[in-house]
Amino acid sequence: MPVETYPKNSTTTSSFHGVERKEVYLKYLPKPDYLEFQLPATHVALVTNEGSTLTKEVVQALEQKGNKVVVLNLHNVENPYNSKTSIGLSNNEDATIHNTISYIESKFGKVGTFIHLHPHFEFQNGQFAQHFGTERELLKSVFLIAKHIQPSLNDLGKTNRANFLTVSRLDGQSGLGKRGNTSIVGGGLPGLVKCLNLEWSAVYCRAVDIQPELQHNTIAEHIIGELHDPNRAVVEVAINEGGRAMLDAKEVEVVENNTIQTAITSDSVFLVSGGARGVTANCVIEMAKAFQCKFILLGRSDFDYVVPEYAQQDMQEGALKAQIMNALKAQGEKPNLAAVKNIYKNIIAKKEIDDTIAKIEQNGGQAIYIKGDVTKISTVKHQLLPITQKWGNITGIIHGAGRLADKYIQDKSEQDFYNVLSVKLDGLLTLFQAVNIHKLDHLILFSSVAGFYGNVGQTDYAIANEILSKAAHIFRTNHPNTQVSAINWGAWDSGMVSAALKKKFQEMGVSLVSTEGGPAMLVNEMNVAYADQPQVIIGGTLPAGISYTEGTLNTHRIHRNLTLKANPFLMHHVIQGHAVLPVVNAVGWMTNTCEQVFPDFRVFHVEDAKLFKGLVFDGNQPENFVVELKETAKDADQIKIEATVLSQAPNAKLPTYHYKASITLVAKKNKVETPSFTPQISGNYTATDGSVLYQNGALFHDTYFRGIEQVLDWNESQIVLSCKAPTVPVKDQGQFPVISVNTFFADIQYQGMVIWVQQYNEGAKSLPLSTESCTIYESIPFEQPMLVHIEVVESSAHKMVANCTVYDETGKVYMVTTNAAVTVSKGLEW
């Protein structure tokens with residue numbers, strides 16, 4: 001149903017206390033580069049069979065790359081794959097999987113690459129859960145395989161490339177494709193992979209979702225491409241006939257203390273799991289305040305428990321447990337730890353439930369508590385009839401129940417997997433079965449950033465929450481009358497976040513969701529303006545993965561097929577009728593590749609950047625290039641790399657060298673002190689319009705490189721510019737996406753040198769030649785006003801050299817370039 005047809009009510013939101021809101025979307029990715037690597041002869045690629053010819057295509061593609069491949073037939077997967085190197089699982093119990101992996105490694109070799117091919121399931125006739133049981137068991141198998149290949153992969157990753165990939169076929173859009181019949185349990189795989197990426201710093205981890213209609217040989221080609229992608233900053237990829245993308249989130253502005261339109265009224269009735277205690281309770285109290293609606297609170301605690309007289313007053317945990325022990329002694333019982341803990345738990349639960357209901361009622365709402373197991377419909381449904389006869393139909397679901405079992409994957413058990421998934425997944429099915437889903441106005445699912453970003457120790461929890469998020473998208477597709485919101489909550493400053501974990505988050509700069517701001521944001525999420533946003537992130541992001549920087553120094557050879565078509569921005573940099581790769585983008589190519597290999601580092605210093613043979617798209621240019629990254633030093637704080645771009649003509653004996661630079665990366669966790677800068681303005685120059693330079697022939701650059709807005713000072717010793725880099729759409733950036741270095745802005749400072757040369761060298765033209773060094777203190781955003789000071793160091797009939805400083809109006813320095821050189825040529829024409 002379109003938003004404008006929702007019944008309207010209005011309410012005013014409270015303060016959000018700095019809590020962020022991010023919208024989820026698919027971000028364009030170019031075709032991946034290709035990292036050279038080969039598994040040692042002692043290792044194999046282990047592939048799970050998904051029951052179709054796709055398995056054969058993937059096996060053949062891997063073998064063509066020189067891999068020794070073993071195929072694992074998972075339990076209950078149709079059409080077993082038969083070969084001399086295939087093996088089957090008789091069941092998917094932990095012991096069986098452990099023994100099978102041990103057998104594979106003793107007979108064929110250690111696992112160096114693991115690829116799980118997940119079958120594509122579609123449900124029929126609206127039977128949403130038709131394949132849940134089968135898919136859950138497959139996910140459990142992959143979960144336990146990860147547990148048992150953890151030692152082999154991590155040992156190999158210290159000296160070689162080790163890989164863990166999962167391949168699902170939901171829709172090729174990470175579940176955002178609005179398909180109405182795709183079984184979504186396989187959508188939990190990215191949660192596993194993103195957590196392993198954090199736990200296994202030495203292992204390359206990638207979750208891929210591919211459009212199921214693509215030909216199997218095409219899918220196999222994509223899998224090989226993802227396997228060899230050097231970019232460790234990307235963990236989850238979606239591939240369809242339209243291209244390649246990654247699931248991302250962008251922060252959006254939200255206005256607090258604002259009137260919003262909503263479909264919730266005082267007659268709305270919400271069934272809430274986990275709603276009587278913790279953060280969910282805080283949320284429903286805020287909803288009662290905003291909407292004066294009704295809540296059926298479902299929990300496992302006993303509402304009929306009578307709090308003893310001695311526990312009526314609030315007291316600290318130690319004092320209350322002492323009172324419990326005294327009471328047990330007075331009754332002639334011998335106190336034991338289990339009995340004391342149980343009584344304490346019952347007292348706290350009852351008091352919290354009573355407190356929640358009281359606060360709901362104080363704020364104008366109504367609440368009834370029912371005891372039941374959210375994973376078992378038999379304990380819930382019969383209790384709802386008398387309530388709905390009194391209040392009317394249930395119009396909304398809030399699924400807030402959750403369970404944790406935080407451990408590294410190697411310490412997880414089958415029971416951990418079942419316990420954590422059951423609350424989220426079986427709980428969702430119970431809630432669906434308890435209501436008429438066709439009459440729901442709202443479905444609110446409490447998911448987590450642990451699924452969206454991954455989190456150490458939470459592989460099972462991340463899987464469960466990723467499934468919930470996928471469920472939100474498909475439910476919205478099939479039930480357009482329902483406003484659906486899977487809220488991927490950041491870490492709260494209460495609830496399941498312990499004091500120790502809270503401290504760790506704060507040390508890492510992760511902002512926590514406050515107990516005031518989080519509930520206020522939930523109320524804001526009921527705005528009908530968000531009706532077509534089934535998934536949202538509320539709260540801070542989680543830390544990114546940590547690069548493995550121990551061990552030997554390595555050399556990485558990374559191939560790129562570079563075409564004009566794949567890089568639309570090049571048509572904005574045309575000289576004499578041909579697109580030319582700007583030198584700054586070539587240097588950015590090298591720095592970006594470094595940052596992709598080491599994603600928790602950023603480029604800080606570039607030295608001795610040189611152009612040997614530029615790239616002109618005149619029809620004779622090479623298309624296949626190699627970026628060679630030679631590590632010269634590395635530790636947890638700094639990495640030094642010699643980077644070279646070269647090409648190899650088919651019949652040439654020697655390669656052609658194009659660009660070279662020495663690059664220093666620093667860990668993102670370490671703060672770099674930013675200097676300040678104040679230019680000395682001559683006072684003898686009247687500011688002029690910079691845009692004229694692009695019209696009068698002084699500069700050849702088109703829209704994406706037109707950043708000079710004003711010339712503020714101009715004399716024989718310096719030129720000062722007011723600049724702003726225009727936004728370049730991500731897709732048009734092509735294979736040269738901006739990461740730490742905004743190469744489009746970097747080109748603008750060279751333009752200042754070009755126009756200086758023209759002024760003082762009788763109209764001579766110039767092009768970038770080399771740079772002694774460049775220090776990047778902070779990334780330069782698109783559309784942000786900046787100032788560029790260019791100090792002339794040397795000027796001759798053939799060369800001009802300058803120092804360039806990029807700073808903002810406060811004097812904060814973003815980038816300093818030392819001894820940047822350009823050619824001087826009176827014969828050069830644009």
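Lys610 has a relative accessibility of 37% and so counts as partly exposed. Here buried means under 20% relative accessible area, exposed means over 50%, and partly exposed lies in between, with a 1.4 Å probe and protein chains only. The structure is a predicted model, in which local features need pLDDT of at least 70 and side-chain atom pairs count only at pLDDT 80 or more, while totals for chains, interfaces and linings use all residues. Residues are numbered from 1 along each chain as its sequence is written, and side-chain values use heavy atoms, with hydrogens and water left out. Helices (H or I, at least four residues) and strands (E, at least two) are DSSP runs, numbered from the N terminus.

**Salt bridges**

- The whole structure holds 35 salt bridges, each being a side-chain nitrogen of Lys or Arg within 4 Å of a carboxyl oxygen of Asp or Glu.
- One of these salt bridges joins Lys610 to Asp608, with 3.7 Å from N to O. Asp608, with a relative accessible area of 39%, is partly exposed.
- Another salt bridge is formed by Lys27 and Asp248, whose closest N and O atoms are 3.9 Å apart. This pair links distant parts of the chain, since Lys27 belongs to strand 2 (residues 21-29) and Asp248 to strand 11 (residues 243-252), 221 residues apart.
- Lys27 is partly exposed at 27% relative accessibility, whereas Asp248 is buried at 19%.
- Lys194 forms a salt bridge with Glu466, and 3.1 Å separates the closest N and O atoms. Distant parts of the chain are again linked: Lys194 is in helix 4 (residues 189-199) and Glu466 in helix 12 (residues 459-478), 272 residues apart.
- Lys194 is buried, with a relative accessible area of 5%, and Glu466 is buried as well, at 1%.
- Salt bridges also link Lys194, Glu236, Glu466 and Lys470 in a network.

**Cysteines**

- In general, a disulfide is a covalent bond between the sulfur atoms of two cysteines. The criterion applied is a pair of cysteine sulfur atoms within 2.5 Å.
- A search of the whole structure returns zero disulfides. Cys195 takes part in none, and the nearest cysteine sulfur, in Cys205, is 10 Å away.
- Cys195 is buried at 0% relative accessibility, and Cys205 is buried at 2%.

**Helix 5**

- Helix 5 (residues 216-227) has twelve residues. From its first C-alpha to its last, helix 5 reaches 16 Å, close to the 16 Å expected at 1.5 Å a residue; the expected span is 1.5 Å times one less than the number of residues.
- The buried residues of helix 5 include Ile219, Ala220, Ile223 and Leu227.
- Which elements do the buried residues of helix 5 pack against? They pack against helix 1 (53-64), strand 7 (110-117), strand 8 (163-168), strand 9 (204-210), strand 10 (236-240) and strand 11, where contact means heavy atoms within 4.5 Å.

**Strand pairing**

- Strands of a sheet pair through backbone hydrogen bonds, either parallel or antiparallel. Two strands count as paired if DSSP finds at least two bridges between them.
- Strand 23 (residues 601-611) and strand 31 (residues 768-776) are antiparallel partners over five bridges. Cys774 in strand 31 stands opposite Val606.
- Strand 31 also pairs with strand 34 in the antiparallel sense, over seven bridges. Thr775 has Val816 in strand 34 as its bridge partner.
- Strand 21 and strand 22 run antiparallel and are joined by two bridges, with Ile575 opposite His578 in strand 22.

**Positive phi angles**

- Gln576 is not a glycine, yet has a positive phi of about 50 degrees. Gln576 sits in the loop between strand 21 (574-575) and strand 22 (578-580).
- Asn819, also not a glycine, has a positive phi of about 50 degrees. Asn819 is found in strand 34 (residues 813-823) and is partly exposed at 23% relative accessibility.
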